[in-house]
Amino acid sequence: MSEKIQVSGGTALSEEDIRSGNIFVTEDSLDCAYAWDMGVAIKRYLAELKEGRIIATECRKCKRIMLPPRLFCELCFIPCNSWRYVKDTGTINTFSICHVHWDASRIKEGEDPHLPAVIEIDGASDGMGIMHILGEVEPEKIKIGMKVKAVWKPKAKRTGSITDIKYFKPL
Amino acid sequence: MSKRVAIVGIGCSGFRTTSTDLSYREMIFEAATKCYEDAGGIHPQSIDSFVASSEDFMEGISIADEYVPDQLGAVLKPVQSIAGDSLQGLASALMQIKTGQQSIVATSAFSKVSNLSHYEKVAAYATDPAYIRPLKEHPYFIAGLEMNRYLHESFSTREQCARVVMKNRYNALSNPRAVYGAKVTLEDVTCAEPVSEPLGQFDISGHLDGAIVILLASEEKALEMTANPVWIKGVGWATDTPNLDSRREGLGGALYAKLAADKAYEMANIKSPVNEIDFAEIDDTFSYKELQHLEALQMCGFGEAGKLLEMGCFEPGGDLPVNVSGGSLGAGYLHEANGLQKVMETALQLRGEAGKNQLAGVETGLAFAWRGIPTATGTAVVLSNRL
């Protein structure tokens, strides 16, 4: 079947065709605003970040110390209300050197690439960590297993957000 | 395919106009915990599969279904998400058991509409971008058009619609899961601020936050798990064209409801719905919808619902109690979770657990949900406490 299909050639559309109105399109843009209730667990997590601390919860059954903290253990399916501070240091579980911005535009010549990473936090259970970004490091020197530490914003600039940690840098 | 399926667990949480203390995860965890305890204390590890219903725009997360597992105990389990009313989710869960693929399936839905600044925008984005949105109408204009045409065709009156509001909000006063309970007068409704005439402010159900989890099981498992299973006898669903201006019965009819019910009645072997259904929890998103849907669901003849309502037929003590729970007008509007709210209230009645609103001697109930404007999608479910 497929070999019978011939590419017809045709005339390609240009961006200019659309811009000039040669092609009919209908435009609209989405404008929705949300304010999500963070709930007990994440509210406390964010409040602690504002104080420069990372907090987790511990499941009394499986003993996992979980990040981000949660009010219930999704595996044991029981409530968790034991809060545990963990360290602001950890180990790079995985990372990537990202050459595009969030909107898919490429980083410009001379601009630093983004360095997203999953950091396994010291004091949390294996595989529990924080997805964040790396800084103060040459991209080519980053290695899986590298020890890193949080670099916090100055206290006055913290808002109760994961961006209260500016980035993690090699220890 | 002859496997019988029952509701074996029911849990809900929230049911408040705002729920700032809990995240949606925490709210659903509470509903799931209650549901699993209600089913005899089952651990979710023993549940085969999970179905959740959601609409991404309502939640502000694209692929919101990926956020389902944790709070249901569904991590690394079969999870399916239905972008539709939760009764469509329930139908999907039912099929998973009917086919023999699974034995125990949890189905869930929730509303966190209080986290959305302008629900109207989400409703407006549901209209066609080429030929409806450019008119820049508030989305409730569709309800105004429907109501006007329905009243015109059925000879039902604006006052009869107002009496739906009076009935349902009064019923809600004795339902602890209803937040819009009130004694409203005919004038309260008919003299309320107009929204899109003839639709006024009181004709529109108010928003609600809440989560519902319902557990289904095959006959064999159900009889092991609970002493009071509620059997799902029949289910049907249908969707009309999205074109608001060219539906076969126009905006005055609800053909989707008739077709959904036809299928559900056929499956439940119901020949005469009006004689075989004891009570109904049906969509009343807007006041006129209850009357329009009653007729489409063959609970009475076309144009009769308003008159029967005035005669008291649909009151808790009437021949066919309708929305004894308070419906969406009295309990609140849970968006995609509406359908499960109707099933929950129907099932509680059939178990004899409806508290002050309990009806005497009921055996078979009908739950029907509409997906709301601008849709023409409805799902009907027939439930019974008799095998």
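Visitor: Before we start, how are the axes of helices defined here?

Guide: Welcome! The model you see is predicted. Helix axes are lines fitted to C-alpha atoms over the stretch in contact, and angles between N-to-C directions run from 0 to 180 degrees.

Visitor: How is helix H4 of chain B oriented relative to helix H15 of chain B?

Guide: Look at H4 (residues 86-98) and H15 (residues 338-351) of chain B, whose axes come within 6 Å and cross at roughly 70°. Angles of 65 to 115 degrees count as one class. Therefore H4(B) is, relative to H15(B), roughly perpendicular.

Visitor: Which residues of H15(B) make that contact, and how many of the contact residues are charged?

Guide: On the H4(B) side you will find B:Ser86, B:Leu87 and B:Leu90, and they meet B:Gly339, B:Leu340 and B:Val343 of H15(B). By class, the contact has four nonpolar residues and two polar ones, while the number of charged residues is: no charged.

Visitor: Which strands stand at the edges of the open sheet in chain A?

Guide: Three strands of chain A line up in the order S2-S1-S5, with antiparallel pairing. The edge strands each have a single partner strand, so one side of each is left without a neighbour in the sheet; they are S2 (65-66) and S5 (82-86).

Visitor: What is the bridge partner of A:Ala56 in S5(A)?

Guide: Strand S1 (residues 54-58) of chain A runs antiparallel to S5(A), and five bridges join them. In S5(A), the partner of A:Ala56 is A:Arg84.

Visitor: Which helix supplies the largest share of chain B's side touching chain A?

Guide: The contact takes 25 residues from chain B and 19 from chain A. H1 (24-38) and H5 (119-124) of chain B each supply at least two residues of chain B's side. The largest share, three residues, comes from H1(B).

Technical notes: Residues numbered from 1 in each chain as written. Chains lettered and ligands numbered in written order. Predicted model: local features only at pLDDT ≥ 70, side-chain atom pairs only at ≥ 80, totals over all residues. Helix = DSSP H or I, 4+ residues; strand = E, 2+ residues; numbered from the N terminus. Parallel < 35°, antiparallel > 145°, perpendicular 65-115°, else oblique. Contact = placed C-beta atoms within 7 Å. Nonpolar A, V, L, I, M, F, W, Y, C, P; charged D, E, K, R; others polar. Pairing = 2+ DSSP bridges.
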